[in-house]
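Please consult the sequence and structure shown below.

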Amino acid sequence: MTAQFIPVDAFDLVVFGGTGDLAMRKLLPGLYRRCCDGQLTDDSRIIGIARSDLDDETYRSKVLEALHRYVADDVEPMLLERFLQRLHFVRLDAMQDDDWSPLHARLNGHDDRVRVFYLATGPSLFGPVAQKIARNELLTGNSRVVIEKPVGHDLASAEAINREIGEVLREDQIYRIDHYLGKETVQNLLSLRFANILFEPLWNSQAIEHVQITVAEDIGVGDRGGYYDRSGALRDMVQNHILQLLCLVAMEPPAALDASAVRDEKLKVLRSLRPITEFNINTHTVRGQYTAGAVHGEPVKGYLDELGTGGRSDTETYCVVKAEIDNWRWAGVPFYLRTGKRLAVHQSDIVIQFRAVPHSIFNEATSQIVPNRLLLRLQPDEGVKLYMMTKEPGPGGLRLKNVPLNLSYADTFVVRYPDAYERLLMDVVRGNPTLFMRKDEVSAAWTWIDPILKAWDALGTAPKPYPAGSWGPAAATALMARDNRSWLEEVV
């Protein structure tokens, strides 16, 4: 069954980096699926920009190859041809001033429609490309610019990028994309909290004992080694993806489900995070770096071998951060944030661990009582599980068992739901910025992250080795054990 989607208004989407990995693996397959579901008008256009010597037809051939590789279900010939006819290509070196006339000619005469510029480039090009778009008079009142994470590598660089883009664009025209916020389960978190009386009265320190947020990857750095070695897990995942998840878990109910109200509440959470400095860095963080090991039974190289430099690197491929929020709702409730590469599985979870019942009436069965737990799985199999105590059926006395109420998206909803990029691209066209980061959110996140990076540098905190295919270094387990807690590592 296919869900019914309302077509968006006609648009021109210009993708800088139109032949790159992000465009071919995520953006264009996502747009193709939106075309298949009838959400793109026939006169909408997608214009790839790159320095490659291509024309429309050769670009369409490259995209066709990518669609066959990355679209899991069968590609329908009629819909495929309909989509390919929307594709165009302009050869352009975005850093040169004399190359822009072909793009100007392509866009000329369509000033009344939505015009989206997607900067699938390195962060260092965000500001210069936005400036050149403006200088070449390509911006209209309906123009929007999308930039990928990371926005900078620290607070100063992030503010410099935002300042440079802000010189030519209004804040409501800038869409800082974080694809995690487009995942169904992430958005379902808002529905769970604010559409069900069952949860919100308990969503505080009186009922919740702690929260775990894990983004585990079983892959290594691959061909991203050059970028990753300048970044590391804290910058690459915690500063954006994981902090955004924390905000959605911890924020107060917004006055309405609109962009300003939601992002105002997320900002309050970021500004309430207790600082982590040299004084508490060793008790609140763990750094790790994978060595050679085996993932899913296959031998894999260690991080240094994958880099191919043959040298030394202090870049963390794994990190744990114990975050604490200084406000009335969450006082005393730790948020354990964990991410890493070459771990045992590819899996992302949010775990809400509730407190134990204050008094048990079950006498000898008391030891069997396990506190309730809510598990939201973001990937690979999206769903929600609520673990509850129940009586085992049958005679022979009262026996309690901890079992889940299981909402599996695949089993419950027979429709194919859009992936994150599909949803977020359409939100850009509609002009809905709710799931995108605002400038002050980016600054607030870096304001909390920067002292952690500086403390690691000041103390010379080297990453602790862990074998590929494990759940990370033993120090991460020890961090939880000091608080008499343990990681939930339920593998599906």
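The sulfur of Cys247 lies 16 Å from the closest cysteine sulfur, that of Cys319, which is too far for a bond. The model is predicted: local features need pLDDT of at least 70 and side-chain atom pairs count only at pLDDT 80 or more, while totals for chains, interfaces and linings use all residues. Residues are numbered from 1 along each chain as its sequence is written, and side-chain values use heavy atoms, leaving out hydrogens and water.

**Cysteines**
- The structure holds zero disulfides, a disulfide being a pair of cysteine sulfur atoms within 2.5 Å.
- Cys36 is in no disulfide, and its nearest cysteine sulfur, in Cys35, is 5.6 Å away.
- Cys247 counts as buried because its relative accessibility is 0%, whereas Cys36, at 26%, counts as partly exposed (buried: under 20% relative accessible area; exposed: over 50%; partly exposed: in between; 1.4 Å probe, protein chains only).

**Fold and packing**
- The protein has 16 helices and 17 strands, which are DSSP runs numbered from the N terminus (helices: H or I, at least four residues; strands: E, at least two).
- The radius of gyration is 24 Å, close to the 23 Å that the globule rule gives for 492 residues, so the protein is as compact as a globular protein of that length; the radius is taken over C-alpha atoms, and the rule is 2.2 Å times the number of residues to the power 0.38.
- Buried residues make up 55% of the 492 residues.
- Of the contacts (heavy atoms within 4.5 Å) with a separation of 6 or more, 77% join residues 24 or more positions apart.
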